[in-house]
Amino acid sequence: MRVPSAVVLPVGTHTDCCREADVEEKRWDIMSKITAMLEQRKSNLSHFINNLEGSEESELYVDQWERLKEMESRTLTILNLVPVNCTDRRDIKKLEAVILEHVRNEELFPEVVRVLPPVYRQVEAAIVDVAQSEEVAGHGMMDLQHLLSKLCRREHLASLGRELLQDILRYLHRIGLVIWYEEIKRLENTVFLQPTFLITMFKLLVRYRLVQQLESIS
C-alpha cells in the first residue's frame, strides 16, 4: 500500500488440503475479498479527505491532507492468484515460471529494460559480500555511513559517494536485495542487509487473529 505503482501476486498455498473442485472457488473468494478491501480503502481515504476539507480549521491539517492525497494516488496492480501445493516441486516450478513471466512484462515493470551503470552491479556484489561476512550480525542491520565506509575500502569503489550509494540503495530496495526505509526518520540511516530477518520478525509480531489468540488466554 505504501509503494507507488506496486504489483502484487497473490499466492494461495495448501492446495493439497483442498478438494480439486474447491480450489477455484477459494481463488475467486480470495480475489473478491482483495477487491473489496481495496474499494474499502479507497472509500475510507476519500471520507477522511472530505472530513479534513470540510473542517472549519482545515489549514491546521494540511500535512495530514497531503499524506492522505498521496496515499489516494497510489494504486496497486493485483495479478491473478496462483494456487500452489508447496509439497509438489512441479507447483513450485510453475510458480517460478509465473513470477518470471510477470517480471519480464515491460508494462508491469518498466525498469526491466533499464540499462544500469556498471557501478550499480559492483556495489550490489560488494553489499552481498559484506552481508555474508562474519563481521555482520545475523540481523544484518548496518548504519548507512558505516556501510559506505566499508564499501569505500574496496579499491574499485574508493570514490563512491553517499549520494550515489543512496541512489543504488533505492534500486536494491526496489528489487528486494536490501531494505532501506529512507522515508522513516528513525530508520533513514539504517540499512537492513538481511531482508529475511525482517520477514522472520514480522511473522512473530504480525499474526492472523492475534487479538483473538491473546484474548483466549486465561
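This is a predicted model: local features need pLDDT of at least 70, side-chain atom pairs count only at pLDDT 80 or more; totals for chains, interfaces and linings use all residues.
Local features need pLDDT of at least 70, side-chain atom pairs count only at pLDDT 80 or more, and totals for chains, interfaces and linings use all residues. Residues are numbered from 1 along each chain as its sequence is written, and side-chain values use heavy atoms, with hydrogens and water left out.

Start with the overall layout. The chain is assigned domain 1 (7–104) and domain 2 (118–201). Such bounds come from an automatic or database domain assignment. The centres of domain 1 and domain 2, taken over C-alpha atoms, are 29 Å apart. Helices (H or I, at least four residues) and strands (E, at least two) are DSSP runs, numbered from the N terminus.

Now look at the largest nonpolar core. A nonpolar core is a set of buried Ala, Val, Leu, Ile, Met, Phe, Trp, Tyr and Cys residues joined through side-chain atoms within 4.5 Å. Buried means under 20% relative accessible area, exposed means over 50%, and partly exposed lies in between (1.4 Å probe, protein chains only). The largest core holds 24 residues, and I127, L151, L169 and L193 touch the most other members. Helix 4 (118–132), helix 5 (144–152) and helix 6 (162–174) each supply at least two residues of this core. Helix 4 gives the most, with 6 residues. In soluble globular proteins, nonpolar side chains tend to be buried together.

Take L169 as a way in. Contact means heavy atoms within 4.5 Å. Leaving aside neighbours within four places in sequence, L169 is in contact with I127, L144, L147, V178, W180 and V191.

Next comes Y181, in the loop between helix 6 and strand 6 (190–192). Y181 counts as partly exposed because its relative accessibility is 21%. Y181 and V191 are 10 residues apart in sequence, and their C-alpha atoms are 7.7 Å apart in space. With neighbours within four places in sequence left aside, Y181 is in contact with L187, E188, F192, L198 and F202.

Together, M201, F202, L204, L205 and V206 make a nonpolar surface patch of about 510 Å². Patches are made of residues with over 30% relative accessible area and no salt bridge; like charges are joined within 9 Å, and nonpolar side chains (Val, Leu, Ile, Met, Phe, Trp, Tyr) within 5 Å. Accessible areas come from the Shrake-Rupley method with a 1.4 Å probe, and for residues only the protein chains shown count as cover. L205 lies in helix 7 (residues 195–205). L205 counts as exposed because its relative accessibility is 56%.

Turn to the charged side chains. Side chains of opposite charge can pair when their charged atoms come close. A salt bridge is a side-chain nitrogen of Lys or Arg within 4 Å of a carboxyl oxygen of Asp or Glu. The count comes to 11 salt bridges.

In helix 1 (residues 20–53), E24 and R27 sit 3 residues apart, about one turn of the helix. Their side chains meet in a salt bridge at 3.1 Å, N to O. E24 is partly exposed at 46% relative accessible area, and R27 is partly exposed at 24%.

In helix 3 (residues 89–103), K93 and E96 are 3 residues apart, about one turn of the helix. They form a salt bridge at 3.5 Å, N to O. E96 is partly exposed at 39%, and K93 is partly exposed at 41%.

Helix 4 holds R121 and E124, 3 residues apart, about one turn of the helix. Their closest N and O atoms are 2.9 Å apart in a salt bridge. Is E124 buried or exposed? E124 counts as buried because its relative accessibility is 18%. R121 is partly exposed, at 47%.

One set goes beyond a pair: D167, R170 and E182 are linked in a network of salt bridges.

K150 is buried because its relative accessible area is 11%. Leaving aside neighbours within four places in sequence, K150 is in contact with V130, E135 and M142.

Most residues other than glycine have a negative phi, and most peptide bonds are trans. Phi of H14 is near 65 degrees, a positive value in a residue other than glycine.
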